Each structure stands twice: as C-alpha cells, then as structure tokens.
Amino acid sequence: MVGIKEKLLEFCWASVDEKTTRLKKRSTELQESLGSETKSSAGDKHETGRAMVQLEQEKLGNQLVELDKTKAILQKVDIAKESSKIVLGSLVKTSGADYFIAVSTGVYTNGGTSIFCISPGAPIAQLLLGKQKGDKIVFKGKEIEVLEVQ
C-alpha cells in the first residue's frame, strides 16, 4: 500500500509537471505569436507587439528556471529517511495544521485531511526545521506544538 508521504511526493511532482507543461505550451504560443508579428509590418505598433511578446517570453523563461530549481529540491526529498527532527521530506502534524516539507505546491486533501505542501524556505517551515515532537513554536502570535514527525 502506498503511504501518505508517497502520495504527497506524487502530488508535488504532479503539480510541478503540470506547471512545466503549461509554461512550455505558453512559450510555444508566444513563439507562434512572434512569428506572426514578424510577418506584419505595421511600423511602431509592430515593434511594440514584438517587444511585449519578447518580455513575456523572458518572464516565462524565468519561471521555467524557478521550476527547474523546484524539481532539484524535489529530487532531494527522501521520504524513506526516518528522522525524529523535522527535515526536508518530513510530514509534520502540529496543533495548528499538518505540513509536508518539500516544495510549495498548495494543499493536498485526502479523506477530509488537508496537508500543506510547503518549501523549506516558507516562514513556518523555517520555524519548524530541526524541531521534534513536543517542541513548540510561535507563528503569527499563536503557539503551535509539534504533535508528530514522520
């Protein structure tokens, strides 16, 4: 049977893959748009259109670079590693919410349980990293206790 951490990791990968596919599709659309802008010759309007498409391509390129960094982090996640302290790949149950420390991909919901997939750089993750069961942190003025670390 597939464990919850495996499902969480699959959820993170699926989210990153979906974003990558969406960005690559948009990049292809922009390339086609640039091609049609080249065929047009409406002077200043033509140059403005080309510049806007090129700016959009640059933004997409930066987003793809960030996604590559996210994939590199995901590849480092070792869900088989047992640790009593919170590390990359930990599933953390707290008195406030449940967290999977990997990459920021949103909320994984399964059977009424919600688990926030967050990156190690997230403010709450920064407070949780290195803590263990029974430890307490204060986040946004609230005391949160670590109930379980998997």
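Is E29 buried, partly exposed or exposed? I looked up its relative accessibility, which is 33%, so E29 counts as partly exposed. For the term I used these limits: buried is under 20% relative accessible area, exposed is over 50%, and partly exposed is in between (1.4 Å probe, protein chains only).

Note on the source. The model is predicted, and local features need pLDDT of at least 70, side-chain atom pairs count only at pLDDT 80 or more, and totals for chains, interfaces and linings use all residues. Residues are numbered from 1 along each chain as its sequence is written, and side-chain values use heavy atoms, with hydrogens and water left out.

Salt bridges. I took a salt bridge as a side-chain nitrogen of Lys or Arg within 4 Å of a carboxyl oxygen of Asp or Glu. I found 5 salt bridges in the structure.

Entry on E29. Its side chain forms a salt bridge with that of R26, at 3.6 Å from N to O. Both residues lie in helix 1, 3 residues apart, about one turn of the helix. Helices here are DSSP runs (H or I, at least four residues), numbered from the N terminus. R26 has 34% relative accessibility and so counts as partly exposed. I also noted that a network of salt bridges links K25, R26 and E29.

Entry on R22. I found its side chain in a salt bridge with E18, 2.7 Å from N to O. R22 is partly exposed at 47%, and E18 is partly exposed at 41%.

Entry on D98. Its side chain meets that of K93 in a salt bridge of 3.8 Å, N to O. D98 is buried, with 14% relative accessibility, whereas K93 is partly exposed at 25%.

Terms used:
Helix = DSSP H or I, 4+ residues; strand = E, 2+ residues; numbered from the N terminus.
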